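Colleague: Please show me the structure. Then I will ask about it piece by piece.

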Amino acid sequence: MGAAQDSPQAAFARFVRRAIDDAKSEHGWTVSDVAAQTGVGRSTVFRWLAGDWQDYPELAKVRGFCSALDVPVGAAFRALGLPDGEPASLARKDRVDPPVDADLRVIMARLTDPAVAPEEKKLIRDMLRYLAHRQVRRAG
């Protein structure tokens, strides 16, 4: 095996390819369908498939991709060369994740529910993207 084959980009590209191939065989999904179902943009999915990235993929996107395709996120992180599941700069033994608000649990359940129409999921994701990137007014 050459160095290029051992790179995180190549390993992650193989992981993504297997996940997409499984989604295609199980659900008949195309790459566009995978992007819509996972909330990861098509261009990002294609970059992941090509191993065309310098900085690590956003971990939230990787988690969303894995969750929507029902593949272990740990396998994705291992493919990225992150055996502990997160880069050392983000991993902290004393970190406690805050509880998830009930409304957010409902939204997450809708996004992973196969009975919810893809159009509804797209609407939810579009609204979340809008909210995530809008300018926040600071009190004071």
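Modeller: Start with Arg 17, which is partly exposed, with a relative accessible area of 38%. Partly exposed lies between buried (under 20% relative accessible area) and exposed (over 50%), with a 1.4 Å probe and protein chains only. This is a predicted model, where local features need pLDDT of at least 70 and side-chain atom pairs pLDDT 80 or more, while totals for chains, interfaces and linings use all residues. Residues are numbered from 1 along each chain as its sequence is written, and side-chain values use heavy atoms, without hydrogens and water.

Colleague: Which side chain meets Arg 17 in a salt bridge?

Modeller: A salt bridge needs a side-chain nitrogen of Lys or Arg within 4 Å of a carboxyl oxygen of Asp or Glu. Here the N to O distance is 3.3 Å. Both partners lie in helix α2 (residues 8-27), four residues apart, about one turn of the helix. The partner of Arg 17 is Asp 21.

Colleague: How many salt bridges does a search of the whole structure find?

Modeller: Side chains of opposite charge can pair when their charged atoms come close. Glu 58 and Lys 61 meet at 3.7 Å, N to O. Asp 126 pairs with Lys 122, with the closest N and O atoms 2.7 Å apart. With Arg 17 and Asp 21 also paired, the search of the whole structure gives a count of three.

Colleague: What separates Asp 126 and Lys 122 along helix α8?

Modeller: At 34% relative accessibility, Asp 126 is partly exposed. Lys 122 is partly exposed too, at 48%. They are four residues apart in helix α8, so the separation is about one helical turn.

Colleague: Is Lys 121 buried or exposed?

Modeller: Lys 121 lies in helix α8. Contact means heavy atoms within 4.5 Å. Not counting residues up to four places away in sequence, Lys 121 touches several residues, including Gln 37, Arg 110 and Asp 113. Its relative accessible area is 4%, so Lys 121 is buried.

Colleague: Which helix gives the most to the lining of the largest pocket?

Modeller: The lining has 22 residues, with Thr 38, Ala 60, Gly 64, Leu 111 and Leu 128 nearest the pocket centre. The elements that give two or more residues are α5 (59-69), α7 (102-112) and α8. With six residues, the top contributor is α5.

Colleague: How many helices does the protein chain have?

Modeller: From the N terminus on, the elements run α-α-α-α-α-α-α-α. There are zero strands. The helix count is eight.

Notes: On a 1 Å grid over the protein atoms alone, a cavity is a set of points where a 1.4 Å probe fits but cannot get out, and a pocket is an open set with protein on both sides within 12 Å along at least five of seven lines; lining residues have an atom within 4 Å of a point.
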